[in-house]
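Have the sequence and the 3D view open while you read.

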Amino acid sequence: MIDLHTHTIFSDGELIPSELARRAVANGYRGLAITDHADPSNMDFIVPRIVGVCAVLSEQSGITVVPGIELTHIPPALIPSLIREARKMGARLVVVHGETLVEPVAEGTNLAAIQGGADILAHPGLISEQEVALAAKHNVFLEITARKGHSLANGHVARLATHAGASMVLNTDAHAPQDLITQSFSRRVAAGAGLLDAQIDTLFANSEALLSRVMLR
């Protein structure tokens, strides 16, 4: 299991990074990204701390732990510059909090994340066909999520991404210990989104490829 969207006490998660990593290992994880919520007010606080602890955890915990960030509820016009700034600070993986059905995310966030070159557009809700096609063109991964509420649009995302050839990854958006899942359960989540076995295998291969790509940065 590779999970590229999780949270710790550096935003609204319940666990410190060390416990999150340990629990992930116990669940059979091989890769994990810590992507706490950020905007211009706290990014310079969060990213350096995550970068430091991820290096230690990757060496000592038996799991690859990637330092990342989730840009959240940011005015769309600011998203591209904050993606660049986060990477300069050391975030290897940049997730943008997409236009989920269950939160009042600003319209235009999905498009700004794609045009700005985010690695993952998280829970993008009722994303448009044009935006999905653009994600495919710019190699931005669209998220199939195991998180309650955000997962309501999984089927829509999977259908459009399959049609347009956009790459998808499956993440938990974990905030608490019970949010971590097993590989077998993640397959059920993907199947629930309407994906077939071969497509689910590709979903997991995409996570492997993205993990390898960001670790080379």
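Predicted model: local features only at pLDDT ≥ 70, side-chain atom pairs only at ≥ 80, totals over all residues.

Residues are numbered from 1 along each chain as its sequence is written, and side-chain values use heavy atoms, with hydrogens and water left out.

**The ring pair**

How many aromatic pairs does the structure hold? There is one. Rings of Phe, Tyr and Trp (its six-membered ring) pair if their centres lie within 6.5 Å; planes under 30 degrees apart are stacked, over 60 edge-to-face, and the rest tilted. Here the centres of the phenylalanine 10 and phenylalanine 45 rings are 6.3 Å apart and their planes are at 70°, so the pair is edge-to-face. Helices (H or I, at least four residues) and strands (E, at least two) are DSSP runs, numbered from the N terminus.

Are these residues buried or exposed? Buried means under 20% relative accessible area, exposed over 50%, and partly exposed in between (1.4 Å probe, protein chains only). Phenylalanine 10 is partly exposed at 23%, and phenylalanine 45 is partly exposed at 41%.

Helix α2 also holds alanine 55, which is partly exposed at 43%. The C-alpha atoms of alanine 55 and alanine 198 are 34 Å apart, with the two residues 143 apart along the chain.

**Two helix contacts**

Two packed helices are described by the angle between their axes and the distance between the axes. Axes are lines fitted to C-alpha atoms, for helices over the stretch in contact, and angles run from 0 to 180 degrees between N-to-C directions.

| Helices | Angle | Axis distance |
|---|---|---|
| α7 (residues 183-192) and α8 (residues 197-215) | about 120° | 10 Å |
| α2 and α3 (residues 79-89) | roughly 40° | within 9 Å |

Angles under 35 degrees are roughly parallel, over 145 roughly antiparallel, 65 to 115 roughly perpendicular, and the rest oblique. That makes α2 oblique to α3, and α7 and α8 are oblique to each other too.

Contact means heavy atoms within 4.5 Å. On the α2 side, Met43, Asp44, Val47 and Val51 touch Leu82, Glu85, Ala86 and Met89 of α3. In the other contact, Gln183, Ser186, Arg187, Ala190 and Ala191 of α7 meet Asp197, Ile200, Asp201, Leu203 and Phe204 of α8.
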